[in-house]
Amino acid sequence: IEYKYSNKNQDHFGVKKVILSLGRHQYPYNDWKGEYAMSQICFGIEIQSKEEGDKICEAINSEKFKNILKKYTHIPNDTSSIHWPSIFCFSNLNKNDFLIGTGNGLSWYHYAENRFSKIPFDKKQFYSDEKIQIKAIVTGSDGTKILATKHGLLQYNQKENKIEIIKHGKSTLLNEWDVMSIYADKKGNVWAGCKKDNNFGSIDLAVFKCNINKHSVIKFEIANKGGSANLNGIAEDYLGNIWVSVDDGLISINTSSNKQQFFKAPNNWFSNITFHLTKDNTIWQCFWSFGVTSFDIDKKQFKTYSNN
């Protein structure tokens, strides 16, 4: 199924599609003639025949589909539903169950019982009164789940089934930093791509190499901030080097010397929004409004793929 979405309504004229709203799945409409455009709160499912569109509309309107939506969405005062409506990430907990990082805490999906439960957290431990926004989850070398949050790193204690702070000196680990991406390497280190407001009208970017068991932290300041000042991904290549996705390219960090090298995206592309390192030693990035790049780690070369 291909989804069509745009703020420009004219882009959807002539597209044969089923139109449905983003929020409540209302008014599925079989626009077989392609007469209607979609607003910015709608999705369209492209169809190949009128009959296909009719079947999709019938399925969306069915009681079975409505019950599925109720089962896996946030329902206020229903403790068996997921406790918060916004979801950022998933992580396998065991063979069947998984953890869900939300805009306010951690949820556990119990597959056998087909229900959710909220993971307890004592906010008195946490220095911020804000919601615990969990943006990413990685599994450490000892099996511990490390949680990337808007206020540093936390961990999930599976034995006691609760979220805990990670102490570092007199404070918690990276508590002043908004952790945007996280990676656990083969040597037991956790790498965190972070940003924070420096109170001088600009944003600081940094990558931290954290060894939680040894209570050690190494900071790498990132100068190439680009327009959006985001670090959208971190991964380790087959040589043990760490690669960090920045707004306008890539940064390589040698884990032996701790030296970093910047590789600027081709054609002055910027606003990178996704990052993926594949098994064939290629890094893929998507740059907002420009296109997609691949980067050969061995040759240190970019290729671009764009739709002009």
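Predicted model: local features only at pLDDT ≥ 70, side-chain atom pairs only at ≥ 80, totals over all residues.
The charged end of Lys16 sits over the ring of Trp32, at 4.5 Å from the ring centre.

**Aromatic rings**

Next, display the side chains of Phe, Tyr and Trp. The model holds 15 aromatic pairs. Select Tyr72 and Phe116, whose rings form an edge-to-face pair, with 6.5 Å from centre to centre and 85 degrees between the planes. Tyr72 belongs to the loop between α2 (63-71) and β5 (87-92), while Phe116 belongs to strand β8 (residues 115-118), so this pair ties together parts that lie 44 residues apart in sequence. Tyr72 is partly exposed, its relative accessible area being 42%. Phe116, by contrast, is buried, at 6% relative accessibility.

Now move to Phe98 and Tyr109. Their ring centres are 5.2 Å apart and their planes meet at 40 degrees, so the pair is tilted. The angle falls in the tilted class because planes under 30 degrees apart count as stacked and those over 60 as edge-to-face. Phe98 is found in strand β6 (residues 98-102) and Tyr109 in strand β7 (residues 105-110), so the pair links parts 11 residues apart in sequence. How accessible is Phe98? Phe98 has a relative accessibility of 23% and counts as partly exposed. Tyr109, at 7%, counts as buried.

**A histidine in the loop**

Select His83, which lies in the loop between α2 and β5. Is His83 buried or exposed? With a relative accessible area of 16%, His83 is buried, because the limit for a buried residue is under 20%. The side chain of His83 reaches the backbone oxygen of Asn104 at 2.8 Å. Show the surroundings of His83 as well: beyond its neighbours within four places in sequence, His83 is in contact with His74, Thr102, Asn104, Gly105, Leu106, Ser107 and Lys118.

**The nonpolar core**

The next stop is the largest nonpolar core, which has 17 residues. In soluble globular proteins, nonpolar side chains tend to be buried together. Select Ile146, Leu153, Leu174, Ile182, Cys194 and Phe208, the residues with the most contacts inside this core. Then colour β9 (134-139), β10 (145-149), β15 (178-184), β16 (190-197) and β17 (203-211), each of which supplies at least two residues of the core.

Centre the view on Phe208. Which residues does Phe208 touch, not counting those up to four places away in sequence? They are Leu174, Trp177, Val190, Trp191, Ala192, Cys194, Val217, Ile218 and Lys219.

**A hairpin**

Continue to strand β19 (residues 233-236). Gly233 and Ala235 point one way from this strand, Ile234 and Glu236 point the other way, and all are buried. Strand β20 (residues 242-246) pairs with β19 in the antiparallel sense over 4 bridges. Within this pairing, Glu236 stands opposite Ile242 in β20. The hairpin has 5 residues between its strands, and Gly240 takes a positive phi near 90 degrees there.

**The last stop**

Finally, select Gln261 in strand β22 (residues 260-264). Gln261 is partly exposed, at 47% relative accessibility. Leaving aside neighbours within four places in sequence, its contacts are Leu250, Ile251 and Ser252. Gln261 and Leu250 are 11 residues apart in sequence, and their C-alpha atoms are 8.3 Å apart in space.

Note on methods. Residues numbered from 1 in each chain as written. Heavy atoms only, no water. Phe/Tyr/Trp six-rings, centres within 6.5 Å; stacked < 30°, edge-to-face > 60°. Buried < 20%, exposed > 50% of the residue type's maximum accessible area, 1.4 Å probe, protein only. Lys NZ or Arg CZ within 6 Å of the ring centre and 35° of its normal. Polar contact = N/O pair within 3.5 Å; in protein donor to acceptor, adjacent residues only side chain to side chain. Contact = heavy atoms within 4.5 Å. Pairing = 2+ DSSP bridges. Core = buried A, V, L, I, M, F, W, Y, C linked by side-chain atoms within 4.5 Å.
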